[in-house]
Amino acid sequence: MVVKFDLIAAACENMGIGKNKDLPWRLKSEMAFFSRMTSETVDKNKKNVVLMGRKTWDCIPPKFKPLSNRINFIMSRSSVDVQNYKDCYSFTSLQEVLDTLGGEKFQDQYENVWVIGGSYIYEETMKSKFFHRLYLTKIMKHFDCDTFFPKMKDNLVKISDSRVPEGIQEENGIQFVYNVYENPDFNKE
Ligand SMILES: NC(=O)c1ccc[n+]([C@@H]2O[C@H](COP(=O)([O-])OP(=O)(O)OC[C@H]3O[C@@H](n4cnc5c(N)ncnc54)[C@H](OP(=O)(O)O)[C@@H]3O)[C@@H](O)[C@H]2O)c1
C-alpha cells in the first residue's frame, strides 16, 4: 500500500495556527469536523493514523489523550513516554514513521494517515512525495499567533470532497471556509 499523507489544519488570515501552546480560537463545529475527518474509515476494522509533533501532543488536554479511535503517532527527537496510552507510538524521524507504516504490524491495520501538525510536521510531510492532500480551514479573521502554517506549494489544485461542507461557515460571529487541495506531484519521484 502506498503511504498517503493527508494534512489537516486550520489557519487564520495571517496563516497563524497556534498561540501559547493552544489554538487561538474556539470553534466547536470546526473541531467536530477535524474529529470526524480524522476518525472515519470505510473499513470499520481499520483505524486512521494521526501524525503529530511532540508540542501538538502536549497541547492535547489529558482527558482527550490519546485521540480516541485513532492510532496516535508522535514525533520527537527524544522519545515521548507513551507507555500508559493505548494505540500510541513515538518516533524520532519521518523515515522511521514511513518504515513503521510499511512494516508488518501496521500495514493492514490503518486506512489513512492524517498529519495534524504543527508547523514542522506539516512542512516536512508537504515536502515528501507522499503528500496527497491538504484540508485547510481558512478562518476569515486575524488572530495574534506565535505558530504559523508553512509556505504552501504553488501548484496545489483546489478540489471538492463530498465529506467536506461547502461555502462560508459561521460560528460565534467568526466566518470560515473548508478548502481542500490536492498535490499533483503525489507519489512522483
Ligand atoms: N490550527 C491547527 O490546525 C493546529 C494544528 C496543530 C497544532 N496547532 C498549534 O500549533 C502549536 C504547536 O505546534 P508547533 O509547530 O509549535 O510544534 P509541533 O510541530 O507540534 O512539535 C514540534 C516538535 O516536534 C518534534 N520534531 C521537530 N522536528 C523533528 C524531527 N526532525 N524529528 C523528530 N521530531 C521532530 C520536536 O519534539 P522534541 O522537542 O520533543 O524533540 C519539536 O519540538 C500549538 O499552539 C498548537 O495549538 C494548531
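# The ligand shell and the backbone

User: How many nonpolar, polar and charged residues are in the shell around the ligand?
Analyst: In this predicted model, local features need pLDDT of at least 70 and side-chain atom pairs count only at pLDDT 80 or more, while totals for chains, interfaces and linings use all residues. Residues are numbered from 1 along each chain as its sequence is written, and side-chain values use heavy atoms, with hydrogens and water left out. With Ala, Val, Leu, Ile, Met, Phe, Trp, Tyr, Cys and Pro counted as nonpolar, Asp, Glu, Lys and Arg as charged, and the others, Gly among them, as polar, the shell divides into eleven nonpolar, ten polar and six charged residues.

User: Which residues come nearest to the ligand?
Analyst: There are 27 residues around the ligand, each with a heavy atom within 4 Å of it. Of these, the ones that come nearest are Ala10, Arg54, Thr56, Ser76 and Arg77.

User: Which helices and strands each supply at least two residues of the shell around the ligand?
Analyst: The elements are DSSP runs numbered from the N terminus, helices being H or I with at least four residues and strands E with at least two. Those that each supply at least two residues of the shell are β1, β2, α2 and α4.

User: What share of the area that the ligand exposes when taken alone does the protein bury?
Analyst: Accessible areas come from the Shrake-Rupley method with a 1.4 Å probe. Taken alone, the ligand exposes 940 Å², and the share of that area buried by the protein is 85%.

User: Where is Pro66, which a cis peptide bond joins to Lys65?
Analyst: For the bond between Lys65 and Pro66, omega is about -10 degrees. The place of Pro66 is in the loop between α2 and β4.

User: What is phi of Asn20?
Analyst: Asn20 is found in the loop between β2 and α1. Its phi is a positive value in a residue other than glycine, near 50 degrees.
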